[in-house]
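Good morning, colleagues. Please have the sequence and the coordinates open as I speak.

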Amino acid sequence: MSLAGTYLQGRGLACALGLDLPRALASLAAGGVRPASRQIAPDACFPAFSIPDADPDWHARARRLVRAAVAECGPVDRSAPLFLASSSLNVGALEQGSPFLPDCQRFAEDVAAWLDWRGPVFWVSTACTSSVVALLSAHRLITAGEADSALVLGLELANRFSSAGFGALQLLDPLAPRPLAADRVGLVLGEAVAALALGRTAARWRLRGGANRVDGSNPAGASRHTVERMARAALADSGIGADDVDLIKLQAAGSPHNDAEEIAGLKAVFARLPALNTLKASIGHTLGASGAAELALLTACIDAGLWPAPPACAPDPDLAVALAPECPPQLRFMLAQILGFGGGHAALVLEDTLGSPS
């Protein structure tokens, strides 16, 4: 049955697992990768998940990865709206000595020029929720009839500034991410360039709706009450109830505080939690690109019949939850959420139309 709405028409991804989705899926099937050490100062190193493209020229590397991710989406309308989502933009290039641009929008326009983009260009930077906010914005344009299609591009490349900031706040795990684990101590950063093409033509994955809620009471962390408000609003916007959700893609980056607040907020919404998944142990926390990167990877996994195996960590008994060892046998609705700095709490609801009643 053909349903009106916003559909995922194409996707592309470069992440630590590989330079494109086929290589990322093959890497996952073979057991994935572990983070490598990233040096940010003579006496300071942190683990990080890096895209396997070691070109030292930041701009050349970024341009190549962006073009490849968009090409992986297939044909796109380059006169449609383009949303660039990033929390660090070109900071890595500035660290190499590139001149400062007059404003951040100028860099977004530079990225559009790499793609010969002719449509309107929007820059979205709401910290870790950037890609989800961009996807919601594109969805609103399409459903309002203001655009027939849109491209969301999540861009987060290595730089010392981000690593040093999270390290100074003592938010980084010194070894590897341990989401929901009893011994979790922090997150591990990662790189990603992700492209998601949205449009009206019916396809397997339909974006039903979502919500963005900001709570500045704890600027560096999540709030269980705002997680609850976000999830309820996302479900209402999508026209479904909590009992309809078959899978939740968590933030679950391995933060002692945020993992606990996220689960507590969800337990206030769901009488019984559905299957849970997180991708932070596979590609790291890719900050502003995480929403797009994780949706690209997870939908590709489900399409291929592959499931990201949970890390071998002892679960936290206080949370009383566990990550699903396999994909739910019946999957129609998925709630995907990202929590971030500045009190951002954002979520999307995706419908697998292959699981929809005819």
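Predicted model: local features only at pLDDT ≥ 70, side-chain atom pairs only at ≥ 80, totals over all residues.

I begin with the aromatic residues. A pair of aromatic rings is described by the distance of the centres and the angle of the planes. The structure holds 4 aromatic pairs, and I shall discuss two of them.

One of these pairs is formed by F107 and W114, in an edge-to-face arrangement, with 6.1 Å centre to centre and 85° between the planes. Edge-to-face applies here because the angle is over 60 degrees. F107 and W114 are both buried. Together with W58, the residues F107 and W114 form one aromatic cluster.

Another pair consists of F166 and F341, which is tilted: the centres are 5.3 Å apart and the planes stand at 50°. Which parts of the chain does this pair tie together? F166 lies in helix α6, residues 160-168, whereas F341 lies in the loop between β12 (333-340) and β13 (344-352), so the pair links parts that are 175 residues apart in sequence. As for accessibility, F166 is buried, at a relative accessible area of 11%. F341, by contrast, has 28% relative accessibility and therefore counts as partly exposed.

Let me turn to helix α4, which spans residues 104-114. What do the buried residues of α4 pack against? Their partners are helix α2 (58-72) and the strands β4 (82-85), β5 (121-124) and β6 (149-156).

The two ends of α4 also deserve a remark. At its start, a side-chain oxygen of D103 comes to within 3.2 Å of the backbone nitrogen of Q105. After the helix comes D116, with a positive phi near 55°.

Finally, I come to the helix crossing. Helix α1 (residues 21-29) and helix α10 (residues 290-304) have axes that come within 10 Å and cross at roughly 70°. Because of that angle, α1 is roughly perpendicular to α10. Which residues meet at this crossing? From α1 there are L21, A24, L25 and L28, and from α10 there are A296, L297, A300, C301 and A304.

Thank you for your attention.

Terms used. Residues numbered from 1 in each chain as written. Heavy atoms only, no water. Phe/Tyr/Trp six-rings, centres within 6.5 Å; stacked < 30°, edge-to-face > 60°. Buried < 20%, exposed > 50% of the residue type's maximum accessible area, 1.4 Å probe, protein only. Helix = DSSP H or I, 4+ residues; strand = E, 2+ residues; numbered from the N terminus. Contact = heavy atoms within 4.5 Å. Polar contact = N/O pair within 3.5 Å; in protein donor to acceptor, adjacent residues only side chain to side chain. Axes fitted to C-alpha atoms, helices over the stretch in contact; angles between N-to-C directions. Parallel < 35°, antiparallel > 145°, perpendicular 65-115°, else oblique.
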